[in-house]
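Please look through the structure below with an eye to its surface, its ligand and its charged pairs. The paragraphs that follow take up these topics in turn.

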Amino acid sequence: MRIDVITLFPDMFKGPLTESILDRAQKMELLELEFNDLREFGTGNYKQVDDSPYGGGAGMVMTAPVLVDAIEKVKGEGDPYVIYLSPRGERLTQEKVEGLAKNHEWLILVCGRYEGIDQRVIDGGWIDEEISIGDYVLTGGELPAAVLIDAVARQIPGVLGKDESAEEESFSESLDRKREYPHYTRPEEFKGLKVPDVLLGGNHGEIDKWRKENCK
Ligand code: SAM
């Protein structure tokens, strides 16, 4: 799967996406990430990407010509699915994450800054979907984009090793979209806190039953 990010701050993605499982996924060529610097599409001597809002008010708005130029250049002749990370978007859920991984080979993620982007980028059809990571406001779309990339990448077949399966996890279909049961490991007793007896007994029917009952 390929994911292009359009952002004013490409360096923000170093770290979260270059360690551990996501690093391995890129080395195995299961995931290809490209970070496109929106500043390079800016206009004039100052490479301007924003302007003051019509109607007045605080803050700046990212301009339509700059964003559309960037989206079209990144798209080229291809047909990626373009997502704008926005608090106004539909909430990112595990079901949505699974759908994105299953139905798209190529995503473009547009990261907003300031007050957000000119509405005409959305109304004109350059954005396929607006996605929010929750009902709170962050300073930019970079952290939401990193969250989406992480969640989608672990749904790509082969990205998780056998020990890291995404099948039976919180919000997965196999757990009826509930939160996962609690986990325990050695030691059997820690500061007076014991592992539930059923998990020590080796009866897999009983263990499955306990786990189902302890999803919420
Ligand atoms: N004026 C906007 C509003 O009130 O909805 C907030 C803009 S926010 C300061 C700047 C950018 O951060 C947005 O354009 C968006 O890309 C990103 N952003 C902030 N919160 C987000 C969230 N909860 N989910 C996804 N993106 C978010």
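**Surface, ligand and salt bridges**

Phenylalanine 9 is partly exposed, with a relative accessible area of 37%, where buried means under 20% relative accessible area, exposed over 50%, and partly exposed in between (1.4 Å probe, protein chains only). This is a predicted model, in which local features need pLDDT of at least 70 and side-chain atom pairs count only at pLDDT 80 or more, while totals for chains, interfaces and linings use all residues. Residues are numbered from 1 along each chain as its sequence is written, and side-chain values use heavy atoms, with hydrogens and water left out.

Phenylalanine 9 sits in the loop between strand E1 (2-7) and helix H1 (20-27); helices (H or I, at least four residues) and strands (E, at least two) are DSSP runs, numbered from the N terminus. Together with Met12, Tyr136, Leu138 and Leu143, Phe9 makes a nonpolar surface patch of about 450 Å². Such patches are made of residues with over 30% relative accessible area and no salt bridge, like charges being joined within 9 Å and nonpolar side chains (Val, Leu, Ile, Met, Phe, Trp, Tyr) within 5 Å; accessible areas come from the Shrake-Rupley method with a 1.4 Å probe, and for residues only the protein chains shown count as cover.

A backbone N or O atom of glycine 112 lies 2.9 Å from an oxygen atom of the ligand, and a polar backbone atom of glycine 134 is 3.0 Å from a ligand nitrogen atom. Taken alone the ligand exposes 580 Å², of which the protein buries 85%.

The structure holds 13 salt bridges, each a side-chain nitrogen of Lys or Arg within 4 Å of a carboxyl oxygen of Asp or Glu. In one of them, the closest N and O atoms of glutamate 129 and lysine 96 are 2.4 Å apart; this pair links strand E7 (residues 129-132) to helix H3 (residues 94-103), 33 residues apart. Glutamate 129 counts as buried at 13% relative accessibility, and lysine 96 is buried too, at 16%. Arginine 177 and glutamate 98 meet in another salt bridge (3.0 Å, N to O). Arginine 177 lies in the loop between helix H5 (142-153) and strand E8 (189-190) and glutamate 98 in helix H3, so the pair ties together parts that are 79 residues apart in sequence.

Key. A polar contact is a pair of N or O atoms within 3.5 Å; within protein, one must be able to donate a hydrogen and the other to accept it, and residues adjacent in sequence count only if both atoms are side-chain atoms.
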